[in-house]
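Student: Please take a close look at one part of this model and describe what packs against it. I would like the geometry and the residues involved.

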Amino acid sequence: MLWYKQNVDQLYDILDTSEKGLLTNDVNKRLKLYGPNQLTIRKDSLWQIIVEPFKSIFVIILMAAALVSMLSQEFLDAMIIGLIIIINATIYYFQRYATTKVLRSLKKHSLQQVNVTRGGVSQTISSIGLVPGDIVVLGEGEKVPADARVVHTDDLQVDEASLTGESVPVHKHASTLESDKQIFEQDNMVFQGTYIISGVATVLVVETGSRTEYSKIAGLVVDDKSKSPVQAKIDQLVSLLVKITAVLAVIVFVLSLIRGIPVNEALRFALSMTVSAVPEGLPVALTVIIVLGMRRMAKQKALVRSFKAIEDIGLITTIATDKTGTLTKNHLTVVDKWSVGDESVADIAERTIDKSMVLSDPLDKAIKEFVEGHKNHKINKLYPFDISLRMSGAFIESDKIIYIKGSPEHVLSKSKITNEQRHISESVLRELASKGYRVIAFGRYKVEDRLPDDLSIISRNDIDFVGFLAFADELRPEVKGAIRAAHKAGISVRLITGDHYETAFNIGKQLGLATHPEQVVQGVDLPRTMPALVNMIKTKTIFARILPEDKFMILKALKQTEITAMTGDGVNDVPALANAHVGIAMGSGSDIAKDAGGIVLLDNNFTTIVKAIAEGRQIFDNIRRMLFYLLSTSLGEVLTMVGALLFGLPLPVTAIQILWINLVTDTAIVLPLGLESREEGSMNRPPRRPKDPLLSRLLLSRIAIISLTMAVVTLVTVFILVQQGYDVGYIQTVAFLMLIVAQWVNSFNARSEFKSSFSRIKSANYGLIIGIGVAAGLQALVMFGPLGRVFDIHSVPMSTLLISSGVMAFAILIVSELHKLIIRDTSKNTVR
């Protein structure tokens, strides 16, 4: 129903009500029909909530690994894997709670006490009891409790920034509108969640509960079950790893049987190898490095509320930002002035406001700040804003003058000025408006005898026009530099606002977001089909006159080709904040927006977003380091086992030795790698493409080369020792230490992806040094201490251990450095 097109009598008939309001029986019937005036939160069943975190491929693999460990009687390993699964489930429950909290916050936000007329009697009730057909009286400072049609108004101004993003108050009237209007053009309607800035009004409730525009916003806040880009990439990689491992495990088991190894031992060995190939330590390492990253970001004034947000912030390719309160201070100021003659327009503007009163209109507040220091004049009568005349006034008895302020077009139409002055004034007005400024005209009306009751007495040529003041929402000074830094990092920035086309374009030009009008699109011009919208927004950086549902659709389209961060601070931003890859809320914003955001900027500083992205890139790079280390060493062990079976060599390590490598060495080293400091230039490179795999071909090729080197060096050593007549226990002791040393050296290689590992020596990773020290100490207890018997360690000369381990270390280091050198040379030649 287009309520704004119906006159008051038609509305009374449609809703079966009157100016006296509804009777009690009617209210009760409508409460049953329409339900309470509050949000309805969709709930999943308890079993769905409990089962959900155990459905991911990674968790299924971990559960299988725990079962394998138990069958192999490695109960400690099984307990650790079980703890990892519990931690993963806890994170999911926390994220779900955060999403539910957003909806409950919206629900709580909408409750209040309202003055309603029922059966001709005025009474105060909770807004939850409102129904369509109720008559409600609204006054200054009150929040609108439901969508309603204005029946009567006295100088009503409404702040609709929370709904439309428009920072300037909207004047409301009771007249019927004829043509179709967007929500921000429906001047005879008030909407739930907006605020009365000034004036009073009697309104007729037309929509309540989930049917209000405010509740439609809440309906867009869905629990986004899609995985984060990082988690999706990890799951994809792990799925591939599982398939490969399963094939290799079958091969190992069959080859073991062919070699005459007993079935039980062959099965135990194959299962142990399977467990070692799955990086079950990765989730715990991820949790720790993310928590520590959250602490570092908190020191930078970025409060991270979601693990998903910090995982994805480093992959961001575009930032979709709100204007009001994000790029600007949400504070109107006078930015320009112009007078038609010699008289100062500021002196006239000062006479239009009563500085002794508490001002609620942002325009009046801006004028008060602008004329601070001017002489105070006693105002004897204020004329409220007349919606038909588009002007207001202030009478000063000592001057016998009503000082006028209002719409430039309406004030000029009633002013006595020459044609030349009119032409100049209109030219200046167009110039100011083209910059996106809100322009107010000022003038004088001389009172000859009796003081008029209202301003309707003013006719053509009655006003002495003085000039214009131009207003704008003040930009945050640090924003331009932050946007420049984002562009330098290859991240695009898009402005999405409820402001007018000219205002949005002017701000975009000032901030370096747009240089041509073709980069701007208005909400009414957006395509209604998703493919067309995806295609259009590729060339657009400014979106003007955007409604909450428009913003949601823009975000949905961006997510198809970009990894998107959305910033905002108001209720109108909540759907986009909740459904973006990374929602970034301003600390000064509404509690609802902060609940919806994955990251909250405590200092409201756009620059902090760039710092957060830098931190996120460091975390993402460290995830890649950990995966490179884990996969290259695990694959090296697997290839060593398969190679020994294929070439008829003794098994280089036992099942328990494999589990020791997997449990102790990997655990001690992988976490410090995840805490590696940021490499120089990480914010000067473009972001990774959304569809790029977690590990590039470069890293995959290095994993293959490193693992092959481990296998070849180990197998050659085993072959030599066999030829020299050493027993299996002796050979396995040497090979065991060689594989351990290979992991230590590989952790050094993993510190840098492109540069030589030696270039990172100056940036010492003390955690990694300690980790290797701990692993070396524990390994010494196995090789030379009381744990030797448990791991079937034989006595081997120190010289043999040093030579074999040295050869392995040198081979791994040389191969890795040569690979990096070739990549660097190839990159240079490509650039040339």
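Tutor: Contact here means heavy atoms within 4.5 Å. The model is a predicted one, and the part to look at is helix α25, residues 728-749.

Begin with helix α22, which spans residues 607-646. The axes of α22 and α25 come within 10 Å and cross at roughly 155 degrees. Angles over 145 degrees count as roughly antiparallel, so α22 is roughly antiparallel to α25. The crossing of these helices is right-handed. On the α22 side the contact involves F628, Y629, S632, T633, E637 and T640, and on the α25 side L739, Q743, N746 and S747. Sorted by class, the contact of α22 with α25 has three nonpolar, six polar and one charged residues.

Next comes helix α24, residues 697-723. Its axis lies 10 Å from that of α25, and the packing angle is about 155 degrees. α24 and α25 are therefore roughly antiparallel to each other. α24 passes α25 in a right-handed crossing. From α24, the contact is made by I706, M710, V713, T714, T717, V718, L721 and V722. From α25, Y730, I731, V734, A735, M738, L739, A742, N746 and N749 take part. Of the residues in the contact of α24 with α25, 13 are nonpolar and four are polar, with no charged ones.

Helix α26, residues 766-784, is the next partner. The axes of α25 and α26 come within 11 Å and cross at roughly 175 degrees. This pair, too, is therefore roughly antiparallel. α25 supplies T733, F736, L737, I740, W744 and S747 to the contact, and α26 supplies L768, I772, A775, A776, Q779, V782 and M783. The contact of α25 with α26 divides into 10 nonpolar, three polar and no charged residues.

The class counts can be set side by side. The contact with α22 has six polar residues and three nonpolar ones, whereas the contact with α24 has 13 nonpolar and four polar, and that with α26 has 10 nonpolar and three polar.

Note on methods: Residues numbered from 1 in each chain as written. Predicted model: local features only at pLDDT ≥ 70, side-chain atom pairs only at ≥ 80, totals over all residues. Heavy atoms only, no water. Axes fitted to C-alpha atoms, helices over the stretch in contact; angles between N-to-C directions. Helix = DSSP H or I, 4+ residues; strand = E, 2+ residues; numbered from the N terminus. Parallel < 35°, antiparallel > 145°, perpendicular 65-115°, else oblique. Left-handed = near helix turned anticlockwise from the far one by under 90°. Nonpolar A, V, L, I, M, F, W, Y, C, P; charged D, E, K, R; others polar.
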